Amino acid sequence: MSTVLEQKQAVVQEIADKLANSESIIFVDYRGLNVAQATELRSKLREADVEFKVYKNTMTRRATEETNYTDVDEHLVGPTAIATSRTDAVAAAKVLHNFSKENEALEIKTGIIQGEVTAVDDIKQLAELPSYDGLMSMLLSVLQAPLRNFALASKAVADQKEGNEDAS
């Protein structure tokens with residue numbers, strides 16, 4: 001077997017591994033980004049622990065065949081970069097969506113979130129969700145509201161009774 005073929009098989013296996021073992025995979029068209037913008041995007045993705053890499057579409061198609069994600073193949077046209085996150089299903093979507101708001105040249109094509117092929121609109125909705133910490137604080141606020149309201153009502157009743165005793 002030639003070394004070129006072995007290298008291509010290794011790349012296909014690398015992509016297939018990412019497709020199979022990542023929480024989220026987002027496919028983007030990066031045409032039109034200048035070097036400074038691409039560097040800024042890579043930096044933001046790295047901070048979020050997201051890997052960003054460009055692969056040949058033919059290699060990616062072979063990897064999708066191996067992992068049964070062939071629904072993605074129709075989006076593998078033109079320059080395509082792949083952002084993968086092994087731990088956080090939302091991180092890549094948030095960074096790419098926010099970056100695409102500022103830089104219209106970046107276009108989200110499709111994605112795979114927790115094993116499900118996902119449309120662009122769903123990725124954008126996912127990206128606009130509050131963070132885990134934000135959701136937890138919202139939940140705690142909702143859970144505390146009845147107790148807080150009860151305490152305020154009890155205080156109001158006590159203040160009213162105290163006012164009536166002072167008037168007598």
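Reader: Let's start with Ser-100: is this residue buried or exposed?

Author: We go by relative accessible area: buried is under 20%, exposed is over 50%, and partly exposed is in between (1.4 Å probe, protein chains only). Ser-100 has a relative accessible area of 14%, so it is buried. Keep in mind that this is a predicted model, where local features need pLDDT of at least 70, side-chain atom pairs count only at pLDDT 80 or more, and totals for chains, interfaces and linings use all residues. Residues are numbered from 1 along each chain as its sequence is written, and side-chain values use heavy atoms, with hydrogens and water left out.

Reader: On to helix H1, then. What should the 19 residues of helix H1 span?

Author: The expected span of a helix is 1.5 Å times one less than its number of residues. For H1 (residues 3-21) that comes to 27 Å, and the end C-alpha atoms are 27 Å apart, so the two agree.

Reader: Which residues of H1 are buried?

Author: They are Val-12, Ile-15, Ala-16, Lys-18 and Leu-19. These residues cover an arc of only 160° around the axis, which puts them on the same side of H1. The arc is that of the directions from the helix axis to the C-beta atoms. Thr-3, Gln-7 and Ala-20 are exposed on the other side of H1.

Reader: And what do the buried residues of H1 pack against?

Author: Their partners are strand E1 (24-29), strand E2 (51-54), helix H3 (57-67), strand E3 (81-85) and strand E4 (107-113).

Reader: What about backbone angles: which residue with a positive phi follows H3?

Author: Asn-68 does, with phi near 60°. Asp-49 has a phi near 60° as well, a positive value in a residue other than glycine. Asp-49 lies in the loop between helix H2 (35-47) and E2, and its relative accessible area of 52% makes it exposed. Then there's Gln-114, not a glycine either, with a positive phi of about 45°. Gln-114 is in the loop between E4 and strand E5 (116-118), and at 55% relative accessibility it counts as exposed.

Reader: Now the largest pocket: which residues line it?

Author: A 1 Å grid is laid over the protein atoms alone; a cavity is a set of points where a 1.4 Å probe fits but cannot get out, while a pocket is an open set with protein on both sides within 12 Å along at least five of seven lines, and lining residues have an atom within 4 Å of a point. Here the lining consists of Asp-88, Val-90, Ala-91, Lys-94, Val-95, Leu-126, Leu-129, Pro-130, Ser-131, Tyr-132 and Leu-135. Helix H4 (91-102) and helix H6 (132-167) each supply at least two lining residues, and the largest share, three residues, comes from H4.

Reader: How much space lies in the largest pocket?

Author: Grid points are joined across faces, edges and corners, and a volume is the space filled by probe spheres set on the points. For the largest pocket that is about 160 Å³.

Reader: Last one: where are the domains?

Author: Domain bounds come from an automatic or database domain assignment. That assignment gives domain 1 (2-129) and domain 2 (131-167), with 47 Å between their centres, taken over C-alpha atoms. Met-138 has its place in helix H6 and counts as partly exposed, at 47% relative accessibility. The C-alpha atoms of Met-138 and Leu-41 are separated by 30 Å.

Technical notes. Helices (H or I, at least four residues) and strands (E, at least two) are DSSP runs, numbered from the N terminus. Contact means heavy atoms within 4.5 Å.
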